[in-house]
Amino acid sequence: AGASIMSAREQQQAQPPPAAPPEAGELDAGNRYEAVVPHWFYCKVTDSRERWVPFSTQDSERLEEAHGSGRDKEDLVVPTSGGRYDVHLKKRQRVAVYWEEEVSEVRRCTWFYKGDKDNKYIPYSETFSKELEEAYMIAVTLDEWKKKLESPSREIIILHNPKLMVHYHPVATSDEWGSTPTEQGRPRTVKRGVENIAVEIPNGEPLQIDHLVFVVHGIGPACDIRFRSIVQCVNDFRNVSLSMLQAHFKKAQEQQQIGRVEFLPVNWHSSLHSTGVDVDLERITLPSINRLRHFINDTILDVFFYNSSTYCQTIVDTVASEMNRLYQLFLQRNPLFKGGVSIAGHSLGSLILFDLLTNQKAAPEEDEHNEEGSRTTSSNRGIEEVREILKKLELSEYCEVFEKEKMDRQALFLCTEKNLKEMGIPLGPRMKILHYISSKEEMQPGSPSQHDPDSTDDARNCQYRDVGLGQVSANYPQLNYKPTIFFAFGSPIGMFLTVRGVKRINPNYSLPTCKGFFNIFHPFDPVAYRIEPMIVPDLEFEPMLLPHHKGRKRMHLGKGTGSPSPPARGSCCGPQPDTDPSCLSELKEGLTRMSVDLKNNLLGSLRVAWQSFTRAPLPAVEAASTDAEAEAEASVEKQPDTKPDETPPAVKEEAPLINVGRLNGGNRIDYVLQEKPIESFNEYLFALQGHLCYWESEDTVLLVLKEIYHTQGITLDQPLPGSQ
């Protein structure tokens, strides 16, 4: 039997397409019986509804191998789903490794019946499946059909022939077998083997993990418009990353240079709200408009909690300790892991990470090494600055004296008249230098060493303050690793820094332990703010346009007669010239979904309407979809306003020439997504969706992967147009 299972498994792996019809291997001319190939499933419960989900082929084979080893009686643990879940074989349970989640039932499935509600196939219990298999084996061997079996719940299953097997509901009054099948209601289809049911078996994940990314959520327990948790949203992000790797890093995958990137969620909301603060809030919350008040208490108030020293400490402690715990646990489970670690934050989560990163301390040996290098460069730069000052004061002949004393700009501003006299500087030049120092100190209260000595305007108006200015007073914990890159999605960091009093960021500033920083936002995101204008205040320039993952630019639609829609302020994603048929199909898809929802009167519910814009394309729509699709197609054809516009100059020439300081290692920081065609109809309608779109955004995921693998010297198969 073991050999026959293996041969059937090999046939299964050869699919798709199957080399033989599904019934091959079930029955042939010689009435030979072949054992069914089992596949392992787990039960997912959503809103009290059960759904049986198949493991990937690789996971199922590993479980079957462990099951066949005869060690079922031990508590054998098999890692599945890329190591994020463990299956306890004896208990038949699937347990989450890195986060808290309800334990799922696991089943070795061979026989299935079609459910009543959603026409999905449901597996029979393992015990009853064995009975069915034995009955089937006898029927095939003896060619005797019309076999009748009774399930544990007293339901009747009849095996008419290999292609027709049915399951009947029990009747209220019955003898031992019940009355005739026709009197027992509508029969349900029974199938043998996973290859005969309509179920999508997920692709397995590469075993090799190249990089680890921790993802921190924003306000509230829900992270997207479908009210899903951070775990579900990060699952989406990870799935999109796997498809982007296959599409854009195929060569590196084929050459086994790369495996995959692991994304793990970091949850701080539950820890904050388990402190008892919810009970205290409940006491003082007014009873009217109960749902709205509860929503505000559960979400919006997180911003106020973070600005309270008491709860800010709880939040930063939770985020740091959770990331450190996950990191240690990940290393225990992946002892061969040699890759780097990056962090990503959405909304308020990005601000929490930014504050944590600004308060990290570099290792002492690194500080010494950096200081040694920076001392040389800064002293050289300081001496040059002193030379420029003396030249401006027409005192160039004293340059050698100052150089001999190793006098840089900072030291010069600390000089007293006595010091200058000791250096041998005559009275006249001394007075000029002292007057220059005093005038500069009056004009700029900030640290003089950080300003251009020649720019009076800069000295008067531009104060570089510590980015930690105005942070809530808290003891910021240290991370056990140095992040490679920090990604901020829909981030309010710029706004919070400004409100705290940090008007300008020093171009020479970089995060102490993290050298990469990307600020990614949707043009309609009402919570997102830019960072670069705080570093380069005197120059107006657009953010970098994130390339479309299919190597094109999205089409934008005109809002008035004959006028193309203007690009969103502060973005460079206006209408584009290279509109192709795929843009039209994308628009048609959006219109189709919207029109189907309108036909079904779903627009009244915001949640369902928003969901129509965010869900994946439906595999099949009901009969109404044909008309809706035709209408959508016609509406696209009737669009006279669809006009290309000129490519923004920021994409062509301006962007690469802008120096935005060292916060991202000298590279650009702000990246704007291109809105979808359907979104350009109304910016306000899609504002909320704009803040919650990042989890399923292929363009965002591709930028994250591109930058992570760039640190390892691995590039995309084909560079995308407009990418840096």
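1. Is Cys-233 buried or exposed? Cys-233 is buried, at a relative accessible area of 0%, where buried means under 20% relative accessible area, exposed over 50% and partly exposed in between (1.4 Å probe, protein chains only). Cys-415 is likewise buried, with a relative accessible area of 11%. Zero disulfides are found in a search of the whole structure, a disulfide being a pair of cysteine sulfur atoms within 2.5 Å.

2. On the basis of the values: this is a predicted model, in which local features need pLDDT of at least 70 and side-chain atom pairs count only at pLDDT 80 or more, while totals for chains, interfaces and linings use all residues. Residues are numbered from 1 along each chain as its sequence is written, and side-chain values use heavy atoms, with hydrogens and water left out.

3. On overall composition: the protein chain has 25 helices and 19 strands; these are DSSP runs numbered from the N terminus, helices being H or I with at least four residues and strands E with at least two. Of its 724 residues, 47% are buried. Among contacts in the protein chain with a separation of 6 or more, 71% are between residues 24 or more positions apart, contact meaning heavy atoms within 4.5 Å.

4. On the parallel sheet: seven strands form an open sheet in the order S14-S13-S15-S16-S17-S19-S18, with parallel pairing. Two strands pair if DSSP finds at least two bridges between them. Strand S14 (260-266) and strand S18 (544-545) are at the edges, each with a single partner strand, so one side of each has no neighbour in the sheet. S18 is joined to strand S19 (residues 670-672) by two bridges, and the two run parallel; Leu-545 has Val-672 of S19 as its bridge partner.

5. On helices against this sheet: H10 packs on the sheet and touches strand S13 (209-216), S14 and strand S15 (340-346), its direction making about 160° with that of S13. Angles run from 0 to 180 degrees between N-to-C directions, and axes are lines fitted to C-alpha atoms, for helices over the stretch in contact. Helix H25 (residues 698-710) lies across S13, S14, S15, strand S16 (485-489), strand S17 (516-521) and S19, and runs at about 170° to S16.

6. Leaving aside neighbours within four places in sequence, Arg-260 is in contact with residues including Glu-205, Asp-210, His-211, Leu-245 and Tyr-709. The C-alpha atoms of Arg-260 and Leu-245 are separated by 7.5 Å, the two residues being 15 residues apart along the chain.

7. On helix packing: helix H10 (residues 309-333) packs with helix H11 (residues 348-358) at an angle of about 80°, the axes lying 10 Å apart. The two are therefore roughly perpendicular (65 to 115 degrees; under 35 counts as roughly parallel, over 145 as roughly antiparallel and the rest as oblique). H10 contributes Ile-315, Val-316, Val-319, Ala-320 and Met-323 to the contact, and H11 contributes Ile-352, Leu-353 and Leu-356.

8. On strand S12 (residues 188-192): its covered face holds Arg-188, Val-190 and Arg-192, and its uncovered face Thr-189 and Lys-191. In a regular strand, side chains alternate between the two faces of the sheet. S12 pairs in the antiparallel sense with strand S7 (residues 111-114) over three bridges, and Trp-111 stands opposite Arg-192. Strand S11 (residues 164-168) also pairs with S12 in the antiparallel sense, over two bridges; His-167 has Arg-188 as its bridge partner.
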